Amino acid sequence: MDMQVRKCHAKVYIFCCPPSPVSFPVPLTLTMATGQIFSRTTQALFYNYKQLPIQRMLDFDFLCGRETPSVAGIINPGSEGFQKLFFGQEEIAIPVHSTIEAACAAHPTADVFINFASFRSAAASSMSALKQPTIRVIAIIAEGVPESDTKQLIAYARANNKVVIGPATVGGIQAGAFKIGDTAGTIDNIIQCKLYRPGSVGFVSKSGGMSNEMYNTIARVTDGIYEGIAIGGDVFPGSTLSDHILRFNNIPQVKMMVVLGELGGRDEYSLVEAMKQGKVNKPVVAWVSGTCATLFKSEVQFGHAGAKSGGELESAQAKNQALRDAGAIVPTSYEALEDAIKETFGKLVEEGKITPVKEVKPPQIPEDLNSAIKSGKVRAPTHIISTISDDRGEEPSYAGIPMSSIVEQGYGVGDVISLLWFKRSLPRYCTQFIEICIMLCADHGPCVSGAHNTIVTARAGKDLVSSLVSGLLTIGPRFGGAIDDAARYFKDAYDRNLTPYEFVESMKKKGIRVPGIGHRVKRGDNRDKRVELLQRFARTHFPSVKYMEYAVEVETYTLSKANNLVLNVDGAIGSLFLDLLAGSGMFSKQEIDEIVQIGYLNGLFVLARSIGLIGHTFDQKRLKQPLYRHPWEDVLYTR
């Protein structure tokens with residue numbers, strides 16, 4: 001299968017121009033307004049970022065063989081930076097500006113303003129663009145722009161020799177050169193309508209949807225269009241059918257024109273007058289839709305705001321007859337329109353006025369990777385594997401359990417940890433044990449190393465995350481990080497049937513302190529209350545406490561050597577977690593070994609102590625404590 005796929009790590013090009021003052025003399029502007037308004041070098045500013053229509057414009061550019069993208073910049077009020085899009089297979093970065101003025105200054109060669117603002121703000125933003133000296137053409141996509149605002153835009157544009165397309169338009173296109181937004185639809189439709197290269201027909205319509213249909217019709221029976229415009233279906237369009245027909249008449253490459261009007265309004269009569277006055281000297285094939293309105297007893301409002309007959313003169317029949325009388329080629333029905341276009345084009349070819357365009361094969365547009373995957377055309381490896389949660393669908397889920405179920409069934413923090421860490425719902429006594437561990441390990445005063453680091457950092461004016469991380473980074477073999485090691489060594493010794501004496505003495509020979517044994521403050525006659533609470537809970541609720549009892553036997557032996565070699569909270573949690581994993585019957589031996597090896601148990605201390613470290617940060621901020629400086633008398637200065 002021969003296909004190209006574009007991915008998001010392609011080379012990035014940035015197209016932007018330095019600000020420079022540009023002004024167009026009036027004669028040039030007049031020529032543009034009465035003749036060709038687009039070319040292969042035309043660039044636009046796109047107002048109110050919409051990914052799909054911009055990408056369609058860039059794909060059309062690539063299809064036509066343009067050297068530079070037709071979208072010079074994007075205007076998104078309140079935003080600045082760059083937006084990544086594709087130009088063929090290359091990824092480009094298009095500048096994003098927060099104001100129309102800034103965009104026009106940065107891109108003085110961009111003379112088309114494509115306005116995708118809503119009907120509420122379209123008029124104001126369009127007027128602002130019209131007042132920029134670099135902007136010549138404005139396309140207003142929104143429907144429902146207030147008529148009074150539209151009239152002001154029309155008046156200003158005509159007074160300043162500028163062109164307004166719309167409101168309520170899909171835009172326009174010059175085949176093989178430039179298109180506005182979603183004009184002509186998909187790339188497949190554009191190729192089928194031969195819009196990637198210029199033809200000989202100028203087309204203008206009120207309807208954007210019917211424009212797409214007519215592009216196809218014209219391509220079937222002629223060499224295609226040269227330029228097509230949808231002026232929009234509102235009552236007061238920014239430019240009229242006759243405005244564009246008169247333009248087409250002045251473009252040498254346009255050999256014939258096709259007009260598709262509709263009932264309502266009197267726009268078509270301006271074209272009738274122009275033809276009667278001899279201002280149009282090229283063949284015009286025309287049809288006004290809405291002849292079926294006479295079948296209804298009352299007045300009918302069709303799709304567009306302006307598609308409503310307000311009297312006999314505004315009916316489709318009257319307009320068609322007027323155009324016919326003025327010299328236009330008007331068929332007897334819409335169905336006969338295609339044949340009328342075909343016959344007119346054929347006569348021009350016979351007369352030697354048209355040399356049909358030679359067909360060229362357009363380049364293949366690379367398909368986006370995501371759409372290619374969805375359609376089954378390609379397969380691509382994933383970059384991340386996740387088995388604990390899923391945020392697709394209507395709500396997130398933890399280990400397959402929807403968030404709503406977690407809340408409705410009264411799951412606690414221990415339950416959530418069991419789902420996200422162990423990928424299963426553990427029995428209630430297990431999740432209670434986890435919660436007890438978190439509560440008991442949340443804090444151990446301001447003097448331990450983690451809290452001290454956090455306090456110093458917070459007093460230095462750093463933010464919460466920086467203060468928290470500075471404390472967490474002290475967690476390791478000497479502070480809070482001995483739970484995994486305690487579990488690992490106790491499990492190995494118990495599973496190998498070592499006596500406490502053999503275990504302790506073998507560790508001594510290796511020069512390794514027994515993890516989970518020893519305390520700076522607690523003694524054999526002053527046990528750690530946290531250890532006693534954990535042991536009491538386990539003996540009451542756990543099916544088996546064999547690893548904990550083994551740790552107690554080891555403590556008995558170490559206390560015979562020194563009164564401070566008591567089982568500490570790390571040792572208690574480490575041994576009891578082994579009992580939780582083994583006694584619950586929900587984990588295999590391999591899974592238990594993996595959990596201990598990976599560092600799950602130290603994760604409990606990290607999670608728990610984060611609560612206390614955050615508390616210390618807030619405490620220092622609340623107390624407005626100054627920068628900490630360690631007292632020099634607490635330092636031994638020596639050589």
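Predicted model: local features only at pLDDT ≥ 70, side-chain atom pairs only at ≥ 80, totals over all residues.

Trainee: Which residues of H23 are buried?

Mentor: In H23, which covers residues 589-598, Ile592, Ile595 and Val596 are buried. Looking down the helix axis, these buried residues fall within an arc of 95°, so they line one face of H23.

Trainee: And what's exposed on the other side of H23?

Mentor: Gln590, Gln597 and Ile598 are exposed there.

Trainee: What do the buried residues pack against?

Mentor: Four helices: H14 (413-422), H18 (483-495), H22 (569-583) and H24 (600-623).

Trainee: OK, switching to the surface. Which residues make the nonpolar patch?

Mentor: Leu464, Val465, Val469, Leu473 and Phe618 make a patch of about 470 Å². Helix H17 (residues 464-472) gives the most to it, with 3 residues.

Trainee: Is Leu464 buried, exposed or partly exposed, and where does it lie?

Mentor: Leu464 lies in helix H17, and its relative accessible area of 32% makes it partly exposed.

Trainee: Now Thr617, buried or exposed?

Mentor: Thr617, which lies in helix H24, counts as buried because its relative accessibility is 1%, under the 20% cut-off.

Trainee: What does its side chain reach?

Mentor: The side chain of Thr617 reaches the backbone oxygen of Leu613 at 3.0 Å. Leaving aside neighbours within four places in sequence, Thr617 is in contact with Thr454, Ala458, Leu464, Ser467 and Leu468.

Definitions and conventions
Residues numbered from 1 in each chain as written. Heavy atoms only, no water. Buried < 20%, exposed > 50% of the residue type's maximum accessible area, 1.4 Å probe, protein only. Helix = DSSP H or I, 4+ residues; strand = E, 2+ residues; numbered from the N terminus. Arc of directions from axis to C-beta. Contact = heavy atoms within 4.5 Å. Patch = residues over 30% accessible without salt bridge, like charges linked within 9 Å, V, L, I, M, F, W, Y side chains within 5 Å. Areas by Shrake-Rupley, 256 points an atom, 1.4 Å probe, with all protein chains shown as cover. Salt bridge = Lys/Arg side-chain N within 4 Å of Asp/Glu carboxyl O. Polar contact = N/O pair within 3.5 Å; in protein donor to acceptor, adjacent residues only side chain to side chain.
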